[in-house]
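Thanks, everyone. Let me put the structure up, and then we'll walk through it together.

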Amino acid sequence: MLQLALVLTVWPETHVAFPNFLDDKAKNWWINTIVDYHKKLPFDGLWIDMNEPSNFGTNEDKPFYCENKPKCWSLKCPNSPYDDPPYNPLKDSGSERISKMTLCMESIHSSETINYRHYDVHSIYGWSQSQPTLEYYAYFLSFDILKQEFK
């Protein structure tokens, strides 16, 4: 079974779902969500913000959002060549691991035919959300999309 979204902890200190935009079913869900929203509130554009799988508190023993909570979960990444590579581009910012505030680099994004390690697709996750958004706009500008449904 494919997982179409990841549920992580971001602000406002609650859980947030990040769709697996590398899967066609999630892309179609996103396009249909835009169509449905546009039917309710016509808009001229979308502001896509925080379009990367963020997770505050990754690898922390007691993240800020666990304060005053008897039970609290935080993502712990395994030691691996992907989470702890020889070259860490975040080291100068004080991060010992490149998984800080995101997914473990060993996490898998799946489509129906291919598995992608997060290490390999972290930098294109935002693009993978922008791409179906642009598909919506290309189709919307060419056809009356509100009378049709994506399959």
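How many disulfides does the count come to? Two. Keep in mind that this is a predicted model.

Let's take the cysteines in order. Counting bonded cysteines along the chain, the pattern is 1-2, 3-4.

Cysteine 66 pairs with cysteine 72. Their sulfur atoms sit 1.9 Å apart. The torsion about that S-S bond is about -70°, so this disulfide is left-handed. What about exposure? The cut-off for buried is under 20% relative accessible area. Cysteine 66 has 4%, so cysteine 66 is buried. Cysteine 72 has 35%, so cysteine 72 counts as partly exposed.

Now the other pair. Cysteine 77 is joined to cysteine 104, with an S to S distance of 2.1 Å. This link is left-handed too, with -90° about the S-S bond. Both cysteine 77 and cysteine 104 lie in the loop between helix 1 and strand 3, so the pair ties together parts that are 27 residues apart in sequence. Are these two cysteines buried or exposed? Both are buried.

Stay in that loop. Two backbone angles deserve a look.

Asparagine 59 is in the loop between helix 1 and strand 3. Its phi is near 70°, a positive value in a residue other than glycine. Asparagine 59 is partly exposed, at 22% relative accessible area.

Methionine 101 is found in the loop between helix 1 and strand 3 as well. Again, no glycine, yet phi is positive, at about 60°. With 36% relative accessibility, methionine 101 is partly exposed.

Next, the core.

Which residues of the largest nonpolar core touch the most other members? Phe18, Ile34, Phe43 and Tyr136, out of 16 residues. Strand 1, residues 5–10, helix 1 and helix 3, residues 125–142, each give two or more residues to this core. Helix 1 gives the most, with four.

Look at phenylalanine 43 on its own. Leaving out residues up to four places away in sequence, phenylalanine 43 touches Ile34, Tyr37, His38, Tyr136 and Tyr137.

Last stop, lysine 27. This lysine is in helix 1, which covers residues 24–40. Buried or exposed? Lysine 27 is buried, because its relative accessible area is 18% and the cut-off is under 20%. And its contacts? Beyond residues up to four places away in sequence, lysine 27 touches Phe21, Gln131 and Pro132.

That's my tour. Over to you.

Note on methods: Residues are numbered from 1 along each chain as its sequence is written. This is a predicted model: local features need pLDDT of at least 70, side-chain atom pairs count only at pLDDT 80 or more; totals for chains, interfaces and linings use all residues. Side-chain values use heavy atoms; hydrogens and water are left out. Buried means under 20% relative accessible area, exposed over 50%, partly exposed in between (1.4 Å probe, protein chains only). Contact means heavy atoms within 4.5 Å. A nonpolar core is a set of buried Ala, Val, Leu, Ile, Met, Phe, Trp, Tyr and Cys residues joined through side-chain atoms within 4.5 Å. A disulfide is a pair of cysteine sulfur atoms within 2.5 Å.
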